Amino acid sequence: MNVFESIASGMRSIWSHKLRSALTLFGIVVGVAAVVAMFSFVGGISKRIMEDFEQLGFDNVFFVSDRQPDNPRGLASLKVSKGLTLQDTEVLREEIPEIEWLCPTVATRIVGRAGNQARHFPVFGATPDGFPILKLELGAGRLINWLDVENHARVAVLGEIAKEDLFGDRNAVGEQMLIGKESFTIVGILRMKEFSRMFGGTGQEENHERVYIPITSGIHYFKGSKSIDYFAVRIRDGSDIGAVYERIHQTLLREHRGIEDFYIENIAEQIAEAKSGVERITQTWHTILSSIATVSLLVGGIGLLSVLIISVNERLREIGIRKAVGAEDRAIFQQFIIESVTISLFGGLVGLGVGAGLCKLITFGAAQMGQDFVIPVSGAGSVLGVSFAVAVGVIFGLYPAYKASRLDPIDAISRYA
Amino acid sequence: MLIETRDLTKSYDLGAVQVDALRGVTFGIDEGEYVAIMGPSGSGKSTLMHILGCLDTPTSGRYSLDGSEVSGLKPRELARIRNKKIGFVFQNFNLLPRIDLVSNVALPLVYHGSISRSERFDRSKKLLDSLGLGHRLGHRPNELSGGERQRAAIARALVNEPAILLADEPTGNLDQRTGREIMTILGDLHSGGRTIVIVTHDAGIAEQARRTVHIEDGRVARETVV
């Protein structure tokens with residue numbers, strides 16, 4: 001009897017006792033479906049949280065800001081160090097290759113005016129690097145370029161909210177606006193990203209209330225000194241956050257002749273910690289779910305065991321006949337184990353289908369309620385669920401198969417004779 | 001000699017009581033013989049048949065089949081001998097109810113180990129054809145008459161080309177006419193050179209054999225030759 005014939009025999013056995021098979025399979029189906037659905041659900045949520053972190057735009061970002069030194073030399077030190085300067089940005093770029101983008105920024109709050117609309121805006125002097133650091137996307141027109149920075153150009157890029165405040169639905173690219181008393185040409189409008197609002201606000205509004213102008217223009221028109229308010233820094237993905245932080249700190253300290261008149265806010269580290277926190281929680285959930293799955297599959301296994309024992313007792317004559325015509329013990333054992341695994345694998349696959357169906361149902365339901373919440377079917381959950389089902393088939397098939405294989409052919413045949 | 005037994009005994013230990021089913025059976029069967037083993041119920045003839053068919057092992061004594069000693073073999077080796085050298089025909093047919101006739105007949109070949117699926121089918125079909133069941137290949141046993149079932153069982157017993165055909169009350173569950181039909185088939189098989197051992201309590205059936213071994217009280221009481 002080869003494997004295929006045993007599988008066929010298993011399928012026949014399922015088919016010829018439909019109700020009994022359905023009851024037996026129920027436990028396994030529910031167990032596997034639960035594993036697949038819950039793994040997918042947890043995976044979907046944690047993936048969504050991770051994506052939100054990315055969208056927030058603060059992964060791998062440092063902010064280096066100006067501050068009063070609090071060392072004993074106090075104000076005297078101001079004569080030794082000039083605070084953050086454009087010079088610092090060049091040194092950092094040169095010495096730390098992990099820095100992907102670095103944007104010196106001056107910020108001020110000042111009245112902006114266009115037509116008969118006016119209000120106070122945060123006006124940010126920045127460089128082209130500032131946009132990728134904050135992951136800002138262009139909606140219309142163009143971004144600030146390096147030529148603008150070199151020429152102290154009077155050009156501005158508006159955040160989407162700032163644009164709506166001044167122009168409403170009208171086109172703004174190419175229009176003029178007053179910033180303070182200076183006239184600027186609007187060259188581009190940013191676009192807000194659509195992403196999950198699962199956890200309330202998206203944090204991107206702040207970026208879109210702003211007016212962006214070249215850093216040089218910011219210093220020239222709206223700032224008394226040459227000192228920079230802060231640097232926004234994005235380091236390359238995969239860099240050692242702690243090490244890069246340390247090197248930025250050391251380099252700046254050296255440039256500032258030992259005066260700590262700056263402060264580095266390590267947002268990258270905070271985001272990384274939050275992400276690993278989510279990963280830990282996901283792991284914990286996987287462990288919890290696996291334990292629940294184990295219990296429910298064991299319950300399913302007990303059902304399988306009792307049905308297999310009944311099946312062996314019902315088929316004593318069959319076993320006896322097979323032995324009489326020359327089946328060895330191990331052939332009988334193999335037949336019953338394969339039958340058991342066929343039943344449990346069948347249950348596992350049905351469970352996988354039910355679990356995947358649940359994921360689709362949740363995705364569909366969320367879409368009906370206007371939520372874009374896709375739950376991809378978890379590969380790990382599917383593999384785990386189905387292999388658990390197979391393991392249940394093997395483990396709970398052992399005893400009935402052993403019992404069947406050790407039957408005495410004369411006894412077995414003469415029952416129900 | 002194809003079958004040779006010496007002082008075969010079989011005892012069953014039923015707790016307090018020991019039952020001696022066989023008390024020293026010595027006899028032989030030559031190749032091509034048609035032998036009936038006869039005796040009343042409780043005489044030990046079924047036990048003897050089980051031992052001859054390698055379904056059971058003697059408590060003591062020797063049994064050699066087709067030139068090799070069988071007593072004392074392990075269950076796995078006995079299974080192999082049943083598979084290759086013995087064909088069984090039972091009183092109640094003992095066909096598997098859930099598979100069709102051709103699969104039933106092919107069953108011993110499944111456990112043979114090295115016969116392809118198509119060859120199993122071909123050999124089974126040929127035998128069923130020769131026993132007049134060529135039109136029933138795809139039927140389940142319960143769709144057949146008793147005579148047809150017993151003919152299928154004979155086909156199954158022959159499919160592995162056994163050295164010996166062992167029939168245990170082959171007509172016991174059949175009406176007289178069908179029983180005669182089956183006995184004719186066994187007679188034809190004997191004429192074709194088969195070695196046949198038939199176990200029965202029915203003198204009319206035993207008469208069909210060339211030689212009858214009478215078992216009484218666990219011993220060979222006498223032999224009659226036609």
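Reply: What follows goes through helix pairs, sheets and a few single residues. Keep in mind that this is a predicted model.

Me: Start with chain A. At what angle do H10(A) and H12(A) pack?

Reply: About 140°. Their axes are 11 Å apart. H10(A) covers residues 267–314 and H12(A) covers residues 329–368.

Me: What do you call that arrangement of H10(A) and H12(A)?

Reply: Oblique. The cut-off for roughly antiparallel is over 145 degrees, so H10(A) and H12(A) count as oblique to each other. H10(A) passes H12(A) in a right-handed crossing.

Me: Which residues make the contact?

Reply: From H10(A), Leu304(A), Leu308(A), Ser311(A) and Val312(A). From H12(A), Phe336(A), Ser340(A), Ile343(A) and Ser344(A). By class, the contact of H10(A) with H12(A) has five nonpolar residues, three polar and no charged.

Me: Now S10(A). Which residues are on the covered face and which on the uncovered one?

Reply: Phe262(A) and Ile264(A) form the covered face. Tyr263(A) and Glu265(A) form the uncovered one. The strand spans residues 262–265.

Me: How many bridges join S1(A) to S10(A)?

Reply: Four, and the two strands run antiparallel. S1(A) is residues 61–66. One partner from S10(A) is Glu265(A), which bridges to Phe63(A).

Me: Next, H6(A). Which of its residues are buried?

Reply: Ile161(A), Ala162(A), Lys163(A), Leu166(A) and Phe167(A). Note the lysine in that list.

Me: Another lysine, then. Where is Lys47(A)?

Reply: In helix H2 of chain A, residues 18–56. Its relative accessibility is 46%, so Lys47(A) counts as partly exposed.

Me: Switch to chain B. What is the strand order in its four-stranded open sheet?

Reply: S2-S1-S4-S5, with antiparallel pairing. S2(B), residues 17–29, and S5(B), residues 68–69, stand at the edges. Each has a single partner strand, so one side of each is left without a neighbour in the sheet.

Me: And how many bridges join S1(B) to S4(B)?

Reply: Five, running antiparallel. S1(B) is residues 3–14 and S4(B) is residues 60–65. Ile3(B) stands opposite Leu65(B) of S4(B).

Me: What about the six-stranded sheet: what is its order?

Reply: S6-S7-S8-S3-S9-S10 in chain B, open, with mixed pairing. The edge strands are S6(B), residues 86–89, and S10(B), residues 219–225, and each pairs on one side only. Neighbouring strands of this sheet are turned by 20° against each other on average, direction ignored.

Me: Which helix packs on that sheet?

Reply: H2(B), residues 75–85. It touches S6(B) and S7(B), and its direction makes about 80° with that of S6(B). At the other end of the order, six bridges join S9(B) to S10(B), antiparallel. There, Arg211(B) stands opposite Val225(B).

Me: Back to helices. How far apart are the axes of H5(B) and H6(B)?

Reply: 9 Å, at an angle of about 20°. H5(B) and H6(B) are therefore roughly parallel to each other. The crossing is right-handed. Contact residues include Ile154(B) and Leu158(B) of H5(B), and Ile182(B) and Leu189(B) of H6(B). The contact of H5(B) with H6(B) has six nonpolar, three polar and two charged residues.

Me: Last pair, H3(B) and H4(B). What is the angle?

Reply: About 125°, with the axes 9 Å apart. H3(B) and H4(B) are therefore oblique to each other. The crossing is right-handed. Among the contact residues are Val105(B) and Leu109(B) of H3(B), and Phe121(B) and Leu128(B) of H4(B).

Me: How many charged residues in the contact of H3(B) with H4(B)?

Reply: Three, alongside eight nonpolar and one polar. Arg120(B), Arg123(B) and Lys125(B) of H4(B) are in that contact.

Conventions: Residues numbered from 1 in each chain as written. Chains lettered and ligands numbered in written order. Predicted model: local features only at pLDDT ≥ 70, side-chain atom pairs only at ≥ 80, totals over all residues. Heavy atoms only, no water. Axes fitted to C-alpha atoms, helices over the stretch in contact; angles between N-to-C directions. Parallel < 35°, antiparallel > 145°, perpendicular 65-115°, else oblique. Left-handed = near helix turned anticlockwise from the far one by under 90°. Contact = heavy atoms within 4.5 Å. Nonpolar A, V, L, I, M, F, W, Y, C, P; charged D, E, K, R; others polar. Buried < 20%, exposed > 50% of the residue type's maximum accessible area, 1.4 Å probe, protein only. Pairing = 2+ DSSP bridges.
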